[in-house]
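Dear colleague,

I am passing on a structure that I would like you to look through before we next talk. Please open it first, and then read the notes that follow.

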Amino acid sequence: MAPILEINDLKKLARRRVPKMFFDYADSGSWTESTYRANEADFAKIKLRQRVLVDMTNRSLESTMIGEKVSMPVALAPTGLTGMQHADGEMLAARAAEKFGVPFTLSTMSICSIEDVASVTTKPFWFQLYVMRDKDFVLNLIQRAKAAKCSALVLTLDLQILGQRHKDLRNGLSAPPRFTPKHIWQMATRPGWCLGMLGTQRRTFRNIVGHAKSVTDLSSLSAWTSEQFDPQLSWADVEWIKKQWGGKLILKGILDREDAEMAVQTGADAIIVSNHGGRQLDGADSSISKLEEIADAVGDRIEVHFDGGIRSGQDVLKALCLGAKGTFIGRPFLYGLGAMGEPGVTTALEIIRKELDTTMALCGKRDIRLASKDWLARRPG
Ligand code: FNR
């Protein structure tokens, strides 16, 4: 096997090991994918300041995100269908994150349930909520997240309707997956993936199946999901969720200064500057190009987190310098998971930690908590 040195090596391996329709589901953006591409490409426009002959011993990547200690300020982002990249994917990723000392965020649209993840972890994880039209279902999820002792609710605001992803439509990907001869061939050529999947059927979409009123089995799930995202979602709903939850709240999917201001007014604990990894509004600005403006606008009033396009520790450092207190990675950990399961997620985190640590040192700095614009030579705009 070729050495695994960077996130792209995990991506190549995942492409070989995960059936095409599920690999493509991760590796896709909406419509022309211009925002998806810009998320990664715009990091190259930011340049770090090289410093020399500075004492580089005793470096620390430790920090906090919403008051929780983290071994480095990088959390795993909520991603739907993670259990299709690898059997029991959410449970494996949560375990890898816990051992590494970084937060794991479980998506509403997961294969494994809140309870499944709670059964394999000992520390609290974060739960991501989509506000569906069925408010009883939403309340049920909140109660289950509380019962599982989740320490933060990540409320996603940028998916009131779904951005179209051509690859998913061309691949015939649906929830629940319906298998055509083409799909069966794709899976037959990935025997390792298939073998892993054999024992996991009982965990399929258990956040939803059996909990939403009209969803009793997998075949009723698809119709329910397609009509449940709420185009009328409003700031009043955010207030309502905040009240029902009563714990730490992170608002995900802010890409505009005015929306950031509204988010501050809700009294949430943090926002995530994010465009859903380029999967929603194609043609929107890259996430990293909006971070500085939003972080400057909100100042110290709310913690600012960031995601979108991070593929290295250098990218993490740039986001921290532009005002993020913490960052999230989506695809980098999914590629690790698809490539090698739990050790693959650990490898993705290790790659990023090593890059972040060495890059900070070459900038002549020792404490990640002090990252600031002063560490940069050039920034966008
Ligand atoms: C996502 N994302 C996402 N976000 C969310 O709030 N709930 C979800 O269920 C999902 N599902 C999902 C699936 C897949 C396959 C991807 C790639 C992404 C968005 C995710 O949380 C995050 O914003 C992006 O992944 C960040 O961009 P990168 O790190 O993937 O470039």
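How exposed is Asp285, in terms of its relative accessible area? Asp285 is partly exposed, with a relative accessible area of 43%, where buried means under 20%, exposed over 50% and partly exposed in between (1.4 Å probe, protein chains only).

Please keep in mind that this is a predicted model, in which local features need pLDDT of at least 70 and side-chain atom pairs count only at pLDDT 80 or more, while totals for chains, interfaces and linings use all residues. Residues are numbered from 1 along each chain as its sequence is written, and side-chain values use heavy atoms, with hydrogens and water left out.

Asp285 forms a salt bridge (a side-chain nitrogen of Lys or Arg within 4 Å of a carboxyl oxygen of Asp or Glu) with Lys290, and their closest N and O atoms are 3.9 Å apart. Lys290 counts as buried, at 13% relative accessibility. Through shared partners, salt bridges join Arg257, Asp285, Lys290 and Glu293 into one network.

The structure holds 23 salt bridges, and another of them pairs Lys11 with Asp27, whose closest N and O atoms are 3.5 Å apart. This pair links distant parts of the chain, 16 residues apart, since Lys11 lies in helix α1 and Asp27 in the loop between α2 (20-26) and α3 (34-41); helices here are DSSP runs (H or I, at least four residues), numbered from the N terminus. Both Lys11 and Asp27 are buried.

Methods
Helices (H or I, at least four residues) and strands (E, at least two) are DSSP runs, numbered from the N terminus.
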